[in-house]
Structure formats: structure tokens, C-alpha cells
Amino acid sequence: MDVTSHNNNHKTNGIHLNGHTNGFKTHKNGHVNGVNGKNGKNGSHKKDWRDDFHESFEETPLVVAIFTYISYIIIVLIGYIRDYLRYLGIDRDQTLHEPIIEGFVPLYQSWENFYKRNMYNRVGDCCNRPIGTMAGPTMDVLDWKAEHFGKSLELTGDRIPAMNFGSYNYLGFSENNGLCAATAIETLCNTSIGVSSSRQEMGYLQIHQELDKLTAEFLGVDDAITFPMGFGTNSMNLPCFMEPGCLLLSDELNHASLVLGSRLTGATIKVFKHNNMEDLEKKLKNAIVEGQPKTHRPWRKILIVVEGIYSMEGSIVRLPEILRLKKKYKVYVYLDEAHSIGALGPHGRGVTDYFGINPKEVDILMGTFSKSFGAAGGYIGGSRSIINYLRTRSYTNVYSCSMSPPVTQQIITSMRIIMGRMCGNDGLRRIRQLAWNTRYVRRRLREFGFIVYGNKDSPVIPIIIYYPAKLATLERECLQAGLGIVIAGFPATTIIESRSRLCLSAGHTKEMLDKALDILIGIGTKLRLNYSRLPKTPEFREDDSILIRD
Ligand SMILES: Cc1ncc(COP(=O)(O)O)c(C=O)c1O
């Protein structure tokens with residue numbers, strides 16, 4: 001299924017006020033008109049967002065699907081045979097059962113145990129690899145080898161220098177020199193690493209207040225509140241908004257932090273198909289008609305929870321459609337921009353910037369600082385009343401220690417650079433470079449014939465590998481050739497859609513991209529990974545993004 005939409009009835013809000021950001025005319029709240037990464041000419045663009053919204057989720061070739069299932073069946077069969085040999089005491093790997101403590105039931109589920117013992121341990125060395133340097137555009141991976149039948153991994157003492165195509169370092173701010181690092185060190189000298197208190201007590205420093213204000217300005221919303229952990233921002237704040245009697249509509253591929261937070265609310269959760277607006281509308285309409293289970297009373301509140309960029313699919317949320325449904329059915333929207341803030345839009349302000357939508361149209365804007373800002377933490381932006389409410393109600397705000405000051409400073413400096421308030425147009429240069437890198441790599445991968453999922457503008461690029469054996473071989477051979485990539489298989493993906501996920505960065509130079517592509521294409525040829533039947537020439541070009549030289 002290659003999904004490429006064309007349609008004609010989208011209207012962007014077009015009132016221009018004052019202010020300039022990175023040379024573009026902005027709305028009062030800093031929002032800039034523009035669609036899909038392009039700035040409109042004085043806001044006069046009439047283009048529908050769907051004209052330039054290219055996403056591809058090519059269907060699995062039937063033969064590949066059959067052989068992938070057969071691969072898993074063989075692995076499972078061998079697993080059962082080995083378990084039987086272990087039971088008989090013939091196989092020396094004696095991890096058949098977890099140690100039995102009298103009177104206790106087993107702690108792990110047996111299938112998980114089986115999966116880890118017979119499948120995961122075989123490729124354990126390809127996952128969780130330790131890094132011995134900064135995880136910037138390049139890194140040193142600490143080599144290790146499997147011992148005790150894969151149960152433990154021992155470091156060999158060797159280091160493998162590699163290009164890093166796995167970190168979420170979208171704008172390349174994960175640096176140990178330059179302005180961000182210098183200002184963070186200065187802050188450390190003036191304050192401390194930790195604050196040893198929550199915001200409600202003695203942990204609310206001036207620098208935290210500065211970050212809250214700057215984040216609100218950057219997002220183009222009334223107010224914002226920041227937290228020390230992105231995961232906690234979702235899992236601990238969703239329960240502040242929703243409760244039993246409310247309805248939460250959640251995309252099926254939402255991140256674990258959203259899933260956990262949604263469950264903690266006690267609200268009724270309905271899951272809709274990934275980015276599928278027909279399914280969302282159908283479920284929303286039915287839920288409104290039927291009301292709450294048993295009593296059929298109206299829902300107390302309805303919230304749609306989505307992400308900006310989905311980090312396993314590389315898809316971009318169809319925000320204009322979500323907002324159309326929001327207005328039609330009078331429901332709230334919670335948007336997690338963990339992967340899109342900084343990485344999307346002509347000014348790096350995320351999906352609203354990308355679609356040219358006023359950010360105030362989204363009720364709750366959430367995001368993390370661990371990706372594009374090269375730091376850690378999360379934020380929620382929205383109306384003043386929402387943020388004031390969170391200041392007193394949020395579990396993380398009240399009960400957990402606030403953000404480390406040097407980390408806070410890293411975010412402030414990188415955000416100022418993105419906003420064009422420091423380092424001239426370095427922020428814009430990074431945004432454009434990332435956009436260029438994204439399309440260039442996507443085009444070259446497609447030309448080779450890899451099945452590449454996602455939106456043309458998503459710097460998260462899943463390459464579908466299918467076979468578990470090929471997945472591990474790809475990772476190991478890439479690393480030996482100097483390319484560090486992340487792989488993900490079942491159960492993180494569906495059984496047949498094992499994949500490698502590249503994450504691009506503005507810190508990747510053209511030479512690095514070419515070298516990485518040569519490695520991928522070389523190994524891809526050997527492993528016959530060119531399954532795609534799509535036309536080799538994609539619908540997009542990288543030179544639409546005009547690069548700024550240093
Ligand atoms: C969509 C999404 N939300 C939240 C988080 C959690 O953020 P953090 O890793 O900064 O805690 C992640 C992490 O990758 C994510 O992908």
C-alpha cells in the first residue's frame with residue numbers, strides 16, 4: 001500500500017501580525033504560515049497539505065512474508081528441541097526454568113522466558129551496545145561477545161569507531177564542545193548538578209523559570225511547564241487531565257509512556273488504527289452515540305492522544321485532519337512531539353510549524369528535550385489555565401526532583417540557537433541540513449530498492465528487513481564496516497516487519513551519508529534486501545531544502 005494523498009479543502013489560518021523569526025514573517029505567537037516544511041509567500045499559499053504529504057508503507061511481498069514466518073517457525077522449533085535436550089540434561093545451557101523457590105509461583109511468564117532463551121539471546125549482542133564516547137554523529141562502540149550461550153555479554157576491551165545513525169540527535173546538539181557545552185559548564189560552576197528538591201519545595205530555580213518561559217515562546221503558546229523526564233511527562237501528567245468516566249482515543253502505535261499514562265487515568269481507552277482518520281472518526285462517533293459503558297451517560301471529557309512523528313514507522317500525524325475532528329466533535333487533543341519538535345517545520349517548531357497551523361489550536365502540546373535539544377526532560381505547553389493547573393496538580397512537579405541546572409542550560413542555549421537568537425543562523429542551518437539529509441537518504445535508499453517506511457520528511461527512517469537472521473547480520477556487518485544502526489524485531493514490531501531504524505542528524509555530513517549509504521547498499525546487495533516494487537524515483541527531491549553554508 002503506497003499512501004500518497006491529494007485533496008483540496010484545507011485552509012490555513014492566514015492572519016499575519018508582526019515579528020520575524022529566522023527571517024520569516026510570523027504570527028503574534030511566533031507561529032509562521034507554511035505547509036510541509038515550506039514557508040508560504042506572505043502567507044498567500046493556497047496549497048493543500050495533502051498535495052505534499054508523501055508517506056509510504058509498502059505491502060510485504062507475499063513470498064517474503066511466507067519465508068519470514070517459516071524462519072520464525074524454524075527458530076521456535078529449534079527452541080523447543082533445545083528445551084527438551086535441556087530437560088534431559090543433554091544441552092549444557094541449563095536455563096530452562098527460573099530457579100524455583102518453594103511456595104512461590106514463577107515470576108516470569110513462560111513464553112517470555114522461552115523467547116529470551118531461544119531467540120533474543122542469539123542476537124543479544126546486536127542490542128543495547130555500550131558506547132564509549134559521546135553519542136554524537138560519530139562514536140566508539142565498546143565491543144563485546146556473547147558468553148554462556150548468550151546469557152551474558154563480556155566486553156572484549158576493543159573499541160569500534162562508527163558513524164552513529166541510531167541516536168535521536170536530530171539537530172546535532174549532542175556535542176561536547178561549542179556554545180551549548182560551554183554554557184552548561186558555566187551554569188554548573190554557578191549552581192550545581194542536582195537541586196535535591198522538587199519544584200514545590202526548594203527546587204524551583206530561576207533557570208527553570210527561564211526555561212518555562214522560553215519554551216512557551218518557542219512553541220508559540222501562552223505558557224509551558226518543564227519536567228526532568230520525558231517519559232514521566234506523559235505517564236504522570238495524563239492522569240491529571242483524565243479520570244474514570246472520560247474517553248481517551250489513542251493511536252495504536254503511541255509510545256509506551258502514553259500507553260502507561262493513559263492506563264493510569266482510569267478512563268475508558270479506545271485504540272484507533274495508526275494515523276487512520278476514518279477509523280478515528282468512526283470510533284469517536286460511535287463512542288459519542290453510545291456514551292459511557294452500562295450507564296450510557298455522556299462522557300465527561302474526550303481526549304485524542306497522538307504523536308508528531310512515530311518513531312518506529314517514520315510517519316507524521318495527520319494533524320489538520322485531527323484538528324478538523326476536534327472541532328467537529330468538540331474534543332480535546334494531546335500531541336506528543338518527542339520526535340518532531342526541532343526536527344520538523346521550517347523553524348523546527350514541530351508538526352504545527354510543518355503544517356502551518358497555529359499551535360494554539362492544539363490543547364496540550366507535549367515534547368521532550370532528549371532528542372533535538374541534546375539534553376533530557378520534557379515539557380507541556382498550552383493555555384495559561386492548563387499550565388497553572390499542572391503546576392499544582394502534576395505528580396512530577398510536586399513529588400519529583402526538578403531538572404538538573406546544566407541540563408536546563410543545554411536546553412536553553414540550544415533552543416535559543418534554533419530560534420535564531422544566538423549563533424546567527426546556525427539554528428536555521430541545522431534545520432535545513434536535517435531536512436536535506438532526510439530526503440537525500442530516503443531517495444537513495446528507495447533508488448536501491450529498500451522498502452522504506454514513513455513520510456518523506458521524517459528523519460526517522462525504518463528500513464524493513466523481514467527475516468530475523470538478516471536483521472542481525474545487517475547490524476553486525478554494518479558495525480564492522482563502521483556504521484552503527486539500531487535494529488528492532490518481534491515483539492517490538494509485528495512478526496514479519498523486523499526493521500532497522502536510521503535516525504538522521506544535522507551533524508551528518510554529505511560524506512558521512514554517502515559512506516553510510518555505500519555500506520548499507522553493499523550489505524543490502526549481499527543480503528538481497530531490495531524487495532521494493534515501487535518506482536525507483538520518488539515523488540520528492542532533497543534540493544527543495546536550501547542549505548545554508550557555515
Ligand atoms: C513519543 C515519545 N514520547 C515520550 C518519550 C520519552 O521521552 P524521554 O526518553 O525523553 O524520557 C519518547 C522516548 O523516546 C517518545 O518516543
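E154 sits in strand β7 (residues 152-164). Strands here are DSSP runs of E, at least two residues long, and helices are runs of H or I, at least four long; both are numbered from the N terminus. Residues are numbered from 1 along each chain as its sequence is written. The model is predicted: local features need pLDDT of at least 70, side-chain atom pairs count only at pLDDT 80 or more, and totals for chains, interfaces and linings use all residues.

Is E154 buried or exposed? E154 is exposed, because 10 other C-beta atoms lie within 10 Å. The cut-offs are 12 or fewer such atoms for exposed, 20 or more for buried, and partly exposed in between, with C-beta atoms placed from the backbone. E154 touches W144, K145 and E147, leaving out residues up to four places away in sequence. Contact means C-beta atoms, placed from the backbone, within 7 Å. D125 is 29 residues from E154 in sequence and 9.6 Å away in space, C-alpha to C-alpha.

Next comes an open sheet. Seven strands run in the order β8-β16-β15-β14-β11-β9-β10, with mixed pairing. Pairing requires at least two DSSP bridges between two strands. From one strand to the next, the twist averages 20°. Within this sheet, β15 (residues 364-368) and β16 (residues 378-382) pair in the antiparallel sense over four bridges. M366 has I380 in β16 as its bridge partner.

Two helices pack on this sheet. Helix α10 (residues 384-393) touches β8, β15 and β16, and its direction makes about 30° with that of β8. Helix α5 touches β8, β11 (302-307), β14 (332-336), β15 and β16, at about 40° to the direction of β16. Axes are lines fitted to C-alpha atoms, for helices over the stretch in contact; angles run from 0 to 180 degrees between N-to-C directions.

Of the 14 residues around the ligand, G230, F231, H255, A338 and S370 come nearest. Membership needs a C-beta atom, placed from the backbone, within 6 Å. The shell has three nonpolar, nine polar and two charged residues. Nonpolar covers Ala, Val, Leu, Ile, Met, Phe, Trp, Tyr, Cys and Pro; charged covers Asp, Glu, Lys and Arg; the others, Gly among them, are polar.

β18 pairs with β21 (residues 499-503) in the antiparallel sense over five bridges, and I461 stands opposite L502 in β21.
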